Amino acid sequence: MEKSRVKVILFDLDNTLIDTAGAGRVAIQKVCDFMKASLGHEDSISEICQRFAHKLLHESFDASSGRSIDDVRIDHWQQAIRESEGVDRGRSLAAECYRHWKSTRLQLLTFAPPVRTMLEELRKTHRLLLLTNGESQTQREKIQAVGSAAELFSALVVGGEHPEEKPAGSIFTYCFRLLNVQPHDCIMVGDSLSTDIQGGFHAGVRATVWVNPSGQALSEGSVRPDYTIATVLDLPGVLAALK
């Protein structure tokens, strides 16, 4: 029996549609420049920034704690400074570091013009759903920063606002019900094998599409994407092959 056409495209956000990693690197450099002026030396600045990046990568946020994600990330900077300098320089310096990092990163998080054009074309023939993992405030701020997301996507789903995030089946089921479609009506597009591709595979989507700009090799035992592309801009070719 001939398969039905793809009706819905589920897109990851970070490092799929926007260059979050690149924006983060620029934001870290902005903080380095600020700290050189604030501390009057460069001895530990690189280590401070590396420690913050490590804490961010391994961050665990509990929304029920009563603290905001902003408070937690100011803590990251304060701890990174204390661990690198051996002294506690207070929360005001840490808060300024966080302000510079956050504002710079958000300013750079935007759909590149070719990506925006592709989304505008795709929405003429498909429904688009944005499915992003992460803490609610952080991801909503990113979505607001990119602009026009509400116009481009039929639905915006943030994992941190649900009991489970990708790759859990429950959040995919929520997305299917939200748009009143079946898993085989959808494809999942993302850069993460462990969340986007694994989650899409177990949810039973028509196809999984791995965005792999670095040409990373699949490890033994890894989930196998149905398609691998170097950039999300190659997605129309995948859709043509799925017809």
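I take a pocket to be an open set of points, on a 1 Å grid over the protein atoms alone, where a 1.4 Å probe fits, with protein on both sides within 12 Å along at least five of seven lines; lining residues have an atom within 4 Å of a point.

The model is predicted: local features need pLDDT of at least 70, side-chain atom pairs count only at pLDDT 80 or more, and totals for chains, interfaces and linings use all residues. Residues are numbered from 1 along each chain, and side-chain values use heavy atoms, without hydrogens or water.

Entry one, the largest pocket. I looked up its volume, the space filled by probe spheres set on the points, and got about 1100 Å³. Its lining has 36 residues, with Asp14, Leu56, Asn133, Gln139 and Lys142 nearest the centre. I then sorted the lining by class and found ten nonpolar, 14 polar (Gly among them) and twelve charged (Asp, Glu, Lys and Arg) residues. Of the helices (DSSP runs of H or I, at least four residues), α1 gives the most, with five residues.

I found that the axes (lines fitted to C-alpha atoms over the stretch in contact) of α1 (residues 20-39) and α2 (residues 45-57) come within 10 Å and cross at roughly 140 degrees. In contact (heavy atoms within 4.5 Å), Ile28, Cys32, Met35, Lys36 and Leu39 of α1 meet Ile45, Ile48, Cys49 and Phe52 of α2. I count eight nonpolar, no polar and one charged residues there.

Notes:
Axes fitted to C-alpha atoms, helices over the stretch in contact; angles between N-to-C directions. Helix = DSSP H or I, 4+ residues; strand = E, 2+ residues; numbered from the N terminus.
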